Amino acid sequence: MFIGALFEEVLFRGIIQNLLLVFLEHHWTAIIITTFLFIGMHIQYFKKPIMLINITVPSLIFGWIYCQTNVPFLVHFLLNIGMTLLFKYNLIKVKH
């Protein structure tokens, strides 16, 4: 989970969001476009709306955190652990 979160944050926030910010010069536009690209990488959740929301909202937050601190991967990693545990112990259920 650590490597996955690190890879996604380096790619999406460190590279894509930074490049968009250079060209667009507006933080929230770069964050929103990056979020759409991030969602596109998680196509397995397109038929599960709750999971899609679970990807979209954190992505927006990770983009904002990146603008503020440059370290969203730690928050991403902790969120992944938390969500995994919630699903594992059936505290959150997704209908199939």
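Colleague: Is Ile92 buried, partly exposed or exposed?
Modeller: Partly exposed, because its relative accessibility is 28%. Buried means under 20% relative accessible area, exposed over 50%, and partly exposed in between, with a 1.4 Å probe and protein chains only. Bear in mind that this is a predicted model: local features need pLDDT of at least 70, side-chain atom pairs count only at pLDDT 80 or more, and totals for chains, interfaces and linings use all residues. Residues are numbered from 1 along each chain as its sequence is written, and side-chain values use heavy atoms, with hydrogens and water left out.

Colleague: Where is Ile92, and what does Ile92 touch?
Modeller: Ile92 is in the segment after α4. Helices here are DSSP runs of H or I with at least four residues, numbered from the N terminus. Not counting residues up to four places away in sequence, Ile92 touches Met83, Leu86 and Phe87. Contact means heavy atoms within 4.5 Å.

Colleague: Now pockets. What volume does the largest pocket have?
Modeller: About 400 Å³. A pocket is an open set of points on a 1 Å grid over the protein atoms alone, where a 1.4 Å probe fits, with protein on both sides within 12 Å along at least five of seven lines; lining residues have an atom within 4 Å of a point. Grid points are joined across faces, edges and corners, and the volume is the space filled by probe spheres set on the points.

Colleague: How does the lining of the largest pocket divide by residue type?
Modeller: Eleven nonpolar, seven polar and one charged. Ala, Val, Leu, Ile, Met, Phe, Trp, Tyr, Cys and Pro count as nonpolar, Asp, Glu, Lys and Arg as charged, and the others, Gly among them, as polar.

Colleague: Switching to packing. At what angle do α2 and α3 pack?
Modeller: About 140°, with their axes 9 Å apart. Axes are lines fitted to C-alpha atoms, for helices over the stretch in contact, and angles run from 0 to 180 degrees between N-to-C directions. The contact of α2 with α3 divides into ten nonpolar residues, five polar and no charged.

Colleague: And α1 with α3: what angle there?
Modeller: About 65°, with the axes 11 Å apart. That contact has three nonpolar residues, five polar and two charged. From α1, Gly14 is among the residues that take part, and from α3, Gly63 and Tyr66 are among them.

Colleague: How far apart are Gly14 and Gly63?
Modeller: 9.6 Å, C-alpha to C-alpha, and 49 residues in sequence. Gly14 is partly exposed, with a relative accessible area of 27%.

Colleague: Back to α2. Is Thr35 buried or exposed?
Modeller: Buried, because its relative accessibility is 3%. Thr35 lies in α2, residues 27-41. Leaving aside neighbours within four places in sequence, Thr35 contacts Thr56, Ser59 and Leu60.

Colleague: Last topic, backbone. What phi does Glu25 have?
Modeller: A positive one, about 60°, although Glu25 is not a glycine. Glu25 sits in the loop between α1 and α2. Asn70 also has a positive phi, about 70°, and lies in the loop between α3 and α4.

Key
Helices (H or I, at least four residues) and strands (E, at least two) are DSSP runs, numbered from the N terminus.
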